[in-house]
Structures are given as C-alpha cells and as structure tokens.
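Have the model open as you read.

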Amino acid sequence: MTGGLVLLGWVAYTTWIKPVDAPYHYQHVSTGNPQQYPDLELDDWPELTINRYDVIVPDIAKPIAQATVAQRENSAPVLIKWQNNSKEILHTLDWKSSELSALAKAIKQYAPRDALLLAWWDLSQQLNLLTEYETLFTNHLKEPQIIPQHWLKYSRAIDAYENAFWQNKAQRKEIENFGQFSLALASKPEEGVPMLRKLIGSDREAYLIVHVTDLYKLGLMYPERIGVAYQNFPLSGNIHGMINHMKVQLKENDFDTYTLQSITDSEIRVYFLSDEESSQSLLAQMLPFTDKPAPMELEALELLYQRGGYWLYKIPGERG
C-alpha cells in the first residue's frame, strides 16, 4: 500500500493570514512545441507553445513538482500537466494526458461548435485551449486552495503569486458563477441541474464535463455536504488483495462507497465517500461508485462519453 489514507484535514483552504513571501517559485526549464513533449500527447495541436517549469522550494534539493504549461500566442498560460514529486498534495491532483487529449477530440465529435462547456475552472481552461469552444470559466480561479498544512501561514502570499503567474483576470461575476457551479455539483441532481441551467442563462445547448478528481476539490469546498478521502494503491497481480484493502478501509472508517482513478500504469487512487448524503450529490451520481446506480442511469443528464477519469454529459434544455 502506498502512503496512508489522506483526509481533507491535511489540506488547507482559504484563511486569513498575514502576508509573507510564497514558499516556492516556478523555475523555467524549457520551451518548445508539442512534438518536443511526447508525454503530453498533443501532436494534434502543433500551434501551441509549451513551457515546462520546476516548482522549487529553497533548501530542498529536488523540485517538489513540475508544471507543464500550454498557450496560444500571447494568451494566458494554461496548466496542461502537473507532476507531483512530493508526498503532499499541492494545487491539484494528477490526470492522464492521453485521457485529456482524447476528451478534447470527443467534444468536437459530440458537441456542436456553438455549444457552451461547463467544467471545473482548470478543466475549463484546458478545454477552451484545446477545443476553442466557449467555456463558462476562463481564468485560473484557484478554488479551492490546496496546500500542505504547514504552508497555512503563506496562504495569502501563495494566492498573490499564483494570480501573477497565471495572469488571473477573473472578475467578481466569474468567481460568483463558479461558486454556484460548485454548489450545484454538491447538491442533489433535482436541485443541481436547474442551478446549472440558470448559469447557462438560456436554452443554449450546453455540456457538463467532470473528472473524478473533482470529488476531492468539491469536498474541500463543501465538507458539510460531501465527505471525501483517498488512498493510493500499487497495481499488482493480486487484485483480490487490493479489493480487500478497500473493504477494510470502508469498514474501519464507516465509509459509504468508493470509486477508482488510474494514475499510472502501476498505481491507482481510490476515492471514498463518507456517507449516504455524500453519495446523493450530483457529482457523485455522475461517477461510478461501488454498490450505487451506474452513471448511465442518471436521468437528470445525458451521458455521451467516458474515458478514464473524464465523463461528458449533455445538459437538458429548460423544456427538455
């Protein structure tokens, strides 16, 4: 078993702290085109410029993470890959590049060019960059703030540094809309879907895309509505042993259910929901959980595509 069970208490959310310098910085490593970074699987987007940065903490010999950024001409940078080299989560959770590029191609297949895409702000930026479809969110909104607990005192400095690096120009309306979007995901489907349709503001065709890592971020923002924990497991030939480990965690912590995310070819991440109420949230019902109805049974949205951690749904119209 890799590491222990990670609970939301180990991560920081926004709080008032006296400003100090950020405890890390982004150090530029290289620049090139997608063909020079085959791990991104972005060869179909040769017009993008790729920049890679090491995340440096003074007095620590090796980078604690690596950020790969993509952008078009003079547009704001978009995080396209994040590699965490430490045991603590910083800013975001891992995703597979192959799954993201496949999702971008699928959206062009399933959604008309004038459709509106709704997704977590980071995924929205990625999809806007790769598909050039309109997304409800376009800025690096930083919600929730995910940092190690011992960096709590740097919270405001980190916010300021991240705003500058990612060229965040979000206005109050976009921030408020993201609050409503995340609240919709944390609500029951019969409440959440109308909230999403209200955000769209018309009967315009719109699509909702979620990733399994959204569970953890949503749990940080609404711990009173959705309780989430996770644990990493090595992939081995002993599948029954791994399943038994998951069942032990369910029983020992009195969790309600779990779902899986493939991180690498040798490791998976298991997300646990704490109780039945958490399982009733719109986001939970859009993802496959053990002993729960399958996502294709969700009547409030129409499932169109799924690969790895990504799920694409069509949002019904106001009269649909």
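Which residue of strand 3 stands opposite Q27? It is D54 in strand 3 that stands opposite Q27.

A word on the ground rules: this is a predicted model, in which local features need pLDDT of at least 70 and side-chain atom pairs count only at pLDDT 80 or more, while totals for chains, interfaces and linings use all residues. Residues are numbered from 1 along each chain as its sequence is written, and side-chain values use heavy atoms, with hydrogens and water left out. Helices (H or I, at least four residues) and strands (E, at least two) are DSSP runs, numbered from the N terminus.

**The antiparallel sheet**

Strand 2 and strand 3 run antiparallel and are joined by seven bridges; two strands count as paired if DSSP finds at least two bridges between them. They belong to an open sheet of four strands, ordered 2-3-4-5, with antiparallel pairing. Strand 2 (25-32) and strand 5 are its edge strands, each pairing on one side only. On average, neighbouring strands of this sheet are turned by 25° against each other, direction ignored. Helix 2 packs on the sheet and touches strand 4 and strand 5, its direction making about 125° with that of strand 5. Contact here means heavy atoms within 4.5 Å, and angles run from 0 to 180 degrees between N-to-C directions, with axes being lines fitted to C-alpha atoms, for helices over the stretch in contact.

**The mixed sheet**

Another open sheet has five strands in the order 7-6-8-13-12, and its pairing is mixed. Its edges are strand 7 (134-135) and strand 12 (302-307), each of which pairs on one side only. Within it, strand 8 and strand 13 pair in the antiparallel sense over six bridges, and H211 stands opposite Y310 in strand 13. Helix 5 (residues 189-200) lies across strand 6 (116-118), strand 8 and strand 13, running at about 75° to strand 13.

| Pair | Bridges | Facing residues |
|---|---|---|
| Strand 9 (residues 228-234) and strand 11 | seven bridges | V228 opposite L273 |
| Strand 10 (residues 257-264) and strand 11 | seven bridges | Q261 opposite R269 |

A hairpin joins strand 10 to strand 11 through two residues. Why is strand 11 largely enclosed by the rest of the structure? Seven of the seven residues of strand 11 (residues 267-273) are buried, so the strand is largely enclosed. Buried means under 20% relative accessible area, exposed means over 50%, and partly exposed lies in between (1.4 Å probe, protein chains only). Both faces of strand 11 are covered, with E267, R269, Y271 and L273 buried on one side and I268, V270 and F272 buried on the other.

Helix 6 (residues 214-221) is mostly covered too, with eight of its eight residues buried. Among them are D214 and K217.

**Two helices crossing**

Helix 1 (residues 97-110) and helix 2 (residues 121-131) pack at an angle of about 65°, and their axes are 10 Å apart. Helix 1 contributes L100, L103, A104, I107 and K108 to the contact, and helix 2 contributes L123, Q126, L127, L130 and T131. These residues divide into seven nonpolar, two polar and one charged. In this count Ala, Val, Leu, Ile, Met, Phe, Trp, Tyr, Cys and Pro are nonpolar, Asp, Glu, Lys and Arg are charged, and the others, Gly among them, are polar.

**The interior**

A nonpolar core is a set of buried Ala, Val, Leu, Ile, Met, Phe, Trp, Tyr and Cys residues joined through side-chain atoms within 4.5 Å. The largest one has 47 residues, of which Y26, W82, I107, L130 and I209 touch the most other members. Elements giving two or more residues to this core include strand 3 (49-56), strand 4 (65-71), strand 5 (78-84) and helix 3 (155-165). Helix 1 gives the most, with six residues.

Leaving aside residues up to four places away in sequence, I107 touches L117, L127, T131, Y133, I209 and L312.

Finally, look at R156 in helix 3. R156 is partly exposed, with a relative accessible area of 40%. The C-alpha atoms of R156 and A22 are separated by 8.3 Å, although these residues are 134 residues apart along the chain.
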